[in-house]
Amino acid sequence: MYRNLKNLRKCWLLGLVAVLIYSCGTTKIAQPSDVAPVVVDMDLVNIVDDKVMVTVDPGPFSSDNVTFYIPKIVPGTYSVDNYGKYIEQFKALDYKGKELKIERLDDNSWHIANAKELDRVSYWVNDTYDTESEVEDKIFSPAGTNILEGENFMLNLHGFIGYFNDLEEVPYHLHITAPNGLVPVTTLVKEDVNAEKPGVDTFVARRYFEVVDNPILYGKPNTETFMVNDIKVTLSVYSPNGVYTAAGLRGSMEKMMAGQKKFLGDINSTKHYAILLYLSTMEDTDASGYGALEHHTSTVVVLPEGMPKDRLEESLIDIVSHEFFHIVTPLSVHSEEIRNFNFNDPKMSKHLWMYEGTTEYFANLFQIQQGLISEEEFYGRLMDKVANSSAYDDEMSLTELSKNVLTEPYKSNFVNIYEKGALVNMALDIRLRELSNGEKGVLLLMKELSKKYGENIPFKDEELIGEIVGMSYPEIQVFFDDHVVGDTPVDYGELWSKVGLHVISESVATGYFFDGEIPFIDVDPKNLNEVFVRQGITLSSFFKDLGIQGGDILKNIDGTKITLETIRPIIGESFGWTPEKDIKLVVVRDGEVIEIKGKVGRPTLEVKKLVPIEGVANEQQELRISWLKG
Ligand SMILES: [Zn+2]
C-alpha cells in the first residue's frame, strides 16, 4: 500500500504561471465600459441536493456577444478535465431578473447574445469527490471539489467560478456565505468582515488567474501557523474522524521546510505559504486521488485518513517538499506557455523535465543534503525510480512528451516525468559537477536561471536549452541532445560508476506469501475465489525453487481448495513453517493443471542495491561528496 501510494503520487503541480504582477485591466480591456470588478456570490449555507449556488456579476458589457467559460484544464494537472461538466441550470439574467437566451457551446462554455442587457449569470455547482467512483474520467482529487454540508468545503475555485472572455485580467471580489463554525484557510486576500454582512467572507483577487491559484478550504478550526525564516506557513487539516490535527503534524512539516529553505539559500520566495491537507475516509463517496496540486503560495494535499502517523508524515514530507520546490520552477523559471496559461485552449511547454523533473529531484536531494534521510535510503529511492521508470517508454524524448502530454501515447507516459525526469536531472547534476570540479550543479543552474528570468520574465520555449548551455559548458548541449531532446536512455551503470557506486544483488530473508507488507499473491477483484501469483515482480526462492511462476493460479494447497477465505489461515500458519516442511500444491498455468511437491525451504528474495564501491579512486569519491553534500 505504501509503495503504491508513492507510485501514485503525481504531484501535479506545476502550476503556475507566474506572476504576482498585477496587470490591471484598465488599459487592455475594451469591455466592460468601466473596470468594475467581477463580483461572485457563493452560498455554502443553503445547499440543495449537494450543490452550491454561484452567481457571477461582471458589470456592464459594451458588446452584444459574450462567452462565459469554466476551465477545461488548470495549471499543473496536465490533463483535460472539463470542469464545466459539473455545472447545472446555467442562467443568464438581465437587470430585471429575466432570463436571456443562452447557447451552451460545449461542456465548458456558454454564449450569451444581447450581453449589453446582461446583469449576471447563475448556476448550481456539483462537487467531484463523491462521484469519483462513478465517472470514467475522474478529476484528480487535489484539483477537485468537495461539498459536505455544514462540515467541509474544498473550494478549488476553478470548479466553482468561471470567467467571461476578455475579463480575465479584471479584479474579482468573492462573497462567500459560510455556515457558523466553519473557517476558511487560503492565501487569497481576505477583507475584514463587513458589519453589514456578518457571516459573509469577502476575498479579493487581482485577476482570474489568482482566483484559480488560491484554493480555499473551509472546515472546523484545525490550523497551525509557524515561521520558516521569513515565510509564514499555515497548515490546515481536515480530518473527518478527528484522527489528525494540525498541531500533531506541525513538527515534521516545520523541520522539513526549514531544511528546504536552507537547501535553497537565497532564492526569493513567497512570504506566506499554506498547506491545505484533506484526509479522505477512503469510502466510495470520498476522494481517492492521493497526491497534491501546486499553486504559487499554497498546495492542496489529499491523503487517506487511515494511514498510520509515521507513514502519513513520510508521505507529507515527500509530497509537500515537492510542491514547495515549485517556487523555483515554474513559479520563478517558466516559459511563455505557462505565463499566459489558457484555461480553455491550452498550449503546453516542452520543459516538464524541468518543471516536474527538477522539482522531484530536489525533493529527494535536499533530504540527503540536509540529513533528513540516510545515504542508504537515498540510494534506495534512486533505485525505486529506475525500477518504476522501466514501466514507461525509455526512448521517448522528454521534450516531445512534455509538448504533447495531453494526447496519447504521451499522456500515458506522463507519470514518467516524476521517475525518469528526476533521474535525468540527477544525471545532469553529476555531469555538471564532473565538468566543474564539483563546483556547479543543477541547483546553482536554477539559481542563475531564476536571476535571469524570474517571476515576471518568461523564457521562450525554444531558447531555454541554449541558455543553459551558455551558462554552463558546451558539453551540456550534447547531454540535452541525447537525453532530453533526443531519445537515448541514460546509462545508469556508467552514471553510478562516476560517483563510485555500483549495483549489487543481495539475498535477503522474506516471508512465504508476503515480503513485509507487499504480497507475492493477489486476488482477482472480479472473482474472489481466484488467488494467483503476481506477475512483473521478483518472486522469492519459495516460489522459484518449487517452479511456481507469476500468473499461476493457486488451486489447492495441502489438500485445501484455495479461495480468498481459505488462503488467509494458510498465510497465518506459514509464519510458523520450518524449511523442512513438505508442501503439495495444484496450480493452473495457461489452462493447464500442474501438481507441485517439495520443501517450503527458507524463503529469500534477491534485491538490487546501490552501494559505494570499496577502495574507489579519490576522484569518484569527491564527485560523490559534492553531489550529496551540495
Ligand atoms: Zn510537481
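Trainee: Is Val386 buried, exposed or partly exposed?
Mentor: Keeping in mind that this is a predicted model, Val386 counts as partly exposed, because its relative accessibility is 22% and the buried class requires a value under 20%.

Trainee: Where does Val386 lie, and what is Val386 in contact with, leaving aside its neighbours within four places in sequence?
Mentor: Val386 belongs to helix α7, which covers residues 375-389, and once those sequence neighbours are set aside, Val386 touches Leu423, Tyr492 and Trp496.

Trainee: And how many Å apart are Val386 and Glu151?
Mentor: Their C-alpha atoms are 42 Å apart in space, while in sequence the two residues are separated by 235 residues.

Trainee: Staying with the helix, at what angle do the axes of α7 and α16 cross?
Mentor: The axes of α7 and α16, the latter being residues 618-629, cross at roughly 90° and come within 13 Å. An angle between 65 and 115 degrees counts as roughly perpendicular, so α7 is described as roughly perpendicular to α16.

Trainee: Which residues make the contact?
Mentor: From α7 the contact involves Glu375, Phe378, Tyr379 and Leu382, and α16 contributes Arg624, Trp627 and Leu628.

Trainee: Where are Pro330 and Pro409 placed?
Mentor: Pro330 sits in the loop between α4 (309-325) and α5 (336-339), whereas Pro409 is found in the loop between α8 (398-403) and α9 (420-435).

Trainee: What about phi, then: is phi of Asn82 positive or negative?
Mentor: Phi of Asn82 is positive, near 50°, in a residue other than glycine, and Asn82 lies in the loop between β3 (66-69) and β4 (87-94). Asp558, also not a glycine, has a positive phi of about 50°, and Asp558 is located in the loop between β27 (553-557) and β28 (560-561).

Trainee: Are Asn82 and Asp558 buried or exposed, or something in between?
Mentor: Asn82 is buried, with a relative accessible area of 15%, whereas Asp558 is partly exposed, with a relative accessible area of 37%.

Notes:
Residues numbered from 1 in each chain as written. Predicted model: local features only at pLDDT ≥ 70, side-chain atom pairs only at ≥ 80, totals over all residues. Heavy atoms only, no water. Helix = DSSP H or I, 4+ residues; strand = E, 2+ residues; numbered from the N terminus. Buried < 20%, exposed > 50% of the residue type's maximum accessible area, 1.4 Å probe, protein only. Contact = heavy atoms within 4.5 Å. Axes fitted to C-alpha atoms, helices over the stretch in contact; angles between N-to-C directions. Parallel < 35°, antiparallel > 145°, perpendicular 65-115°, else oblique.
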